[in-house]
Amino acid sequence: MVDGKRPRRRRSLFRVVAVGMAVLGLAAGMVFPGFVMLLGVPARIALRPLFVGSCLGAGIGVAVGNYALVRIVIGGRLRTMAHGIAKVQAGLVAAREHGRMGCDDLAGCRLDADSRDEIGLSARAFNQLLGVLHESQRSRDQGASAVGTAMAVLRQAGDQIGTAASAAIDAAF
């Protein structure tokens with residue numbers, strides 16, 4: 001919930017893209033006969049059912065090809081990002097349960113951020129988040145180490161005080 005509101009469940013992005021591409025393909029197929037008539041093709045040829053059907057079929061074919069391309073290229077990059085995020089989540093769970101990070105101190109969780117588009121921007125933001133998590137983990141580990149050292153010093157001082165107190169008591173009696 002965000003601000004007391006339940007998040008609205010949205011349709012699959014790829015389904016929306018598929019419908020949009022199909023509509024665009026059909027629209028292109030419907031207007032193409034009119035364009036060829038503007039170029040001088042006689043209406044009796046441009047408006048034949050076979051030609052109009054072929055134009056609509058070509059529009060749908062281009063839409064299907066574009067959808068497959070989007071699904072392969074963008075879907076693959078998004079799956080890679082989701083895998084990286086899941087890897088960090090598993091590492092954080094392992095750190096919480098076992099005291100150590102699961103993906104090689106976060107370095108093994110970084111994503112390739114080689115594109116100059118929204119996916120590359122998202123990957124770079126994810127990698128920056130990993131850097132902040134790594135710094136936080138390092139700071140926490142240093143703090144834990146300092147506490148451990150202070151406890152050892154206090155234990156040693158307590159032992160020395162105990163020894164001195166025993167010696168003082170023995171000397172008094």
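Contact is taken here to mean heavy atoms within 4.5 Å, and by this criterion residues 24 or more positions apart account for 51% of the contacts in the protein with a separation of 6 or more. The structure is a predicted model, in which local features need pLDDT of at least 70 and side-chain atom pairs count only at pLDDT 80 or more, whereas totals for chains, interfaces and linings use all residues. Residues are numbered from 1 along each chain as its sequence is written, and side-chain values use heavy atoms, with hydrogens and water left out.

The protein holds four helices and zero strands, where helices (H or I, at least four residues) and strands (E, at least two) are DSSP runs numbered from the N terminus; the order of elements from that terminus is α-α-α-α. The radius of gyration, taken over C-alpha atoms and judged against a globule rule of 2.2 Å times the number of residues to the power 0.38, is 33 Å, well over the 16 Å that the rule gives for 173 residues, so the protein is more spread out than a compact globule. Along the principal axes, the C-alpha trace spans about 125 × 35 × 20 Å. Of the 173 residues, 18% are buried, a class defined by under 20% relative accessible area, with exposed meaning over 50% and partly exposed lying in between (1.4 Å probe, protein chains only).

Helix α1 (13–38) has 26 residues and reaches 37 Å from its first C-alpha to its last, close to the 38 Å expected at 1.5 Å a residue, the expected span being 1.5 Å times one less than the number of residues. A kink of about 30° lies at F32 in α1, shortly before the proline P33; such a bend is the angle between axes fitted to the seven residues ending at a position and the seven starting there. The buried residues of α1 are F14, M21, G25, G29, P33 and V36, and they pack against α2 (43–46) and α3. After α1 comes G40, whose phi is positive, near 105°.

At G75, α3 bends by about 30°. Buried positions in α3 include C55, G59, A63, V70, G75, G76, M81, G84 and V88, and the cover over the buried residues of this helix includes α1 and α4.

L130, which lies in helix α4, is buried, with a relative accessible area of 3%; L130 and R110 are 20 residues apart in sequence and 7.3 Å apart in space, C-alpha to C-alpha.

A search of the whole structure finds one salt bridge, defined as a side-chain nitrogen of Lys or Arg within 4 Å of a carboxyl oxygen of Asp or Glu. This salt bridge joins the side chains of R77 and D114 (3.5 Å, N to O). Because R77 lies in helix α3 and D114 in the loop between α3 and α4, the pair ties together parts that are 37 residues apart in sequence. R77 counts as partly exposed at 27% relative accessibility, whereas D114, at 60%, counts as exposed.
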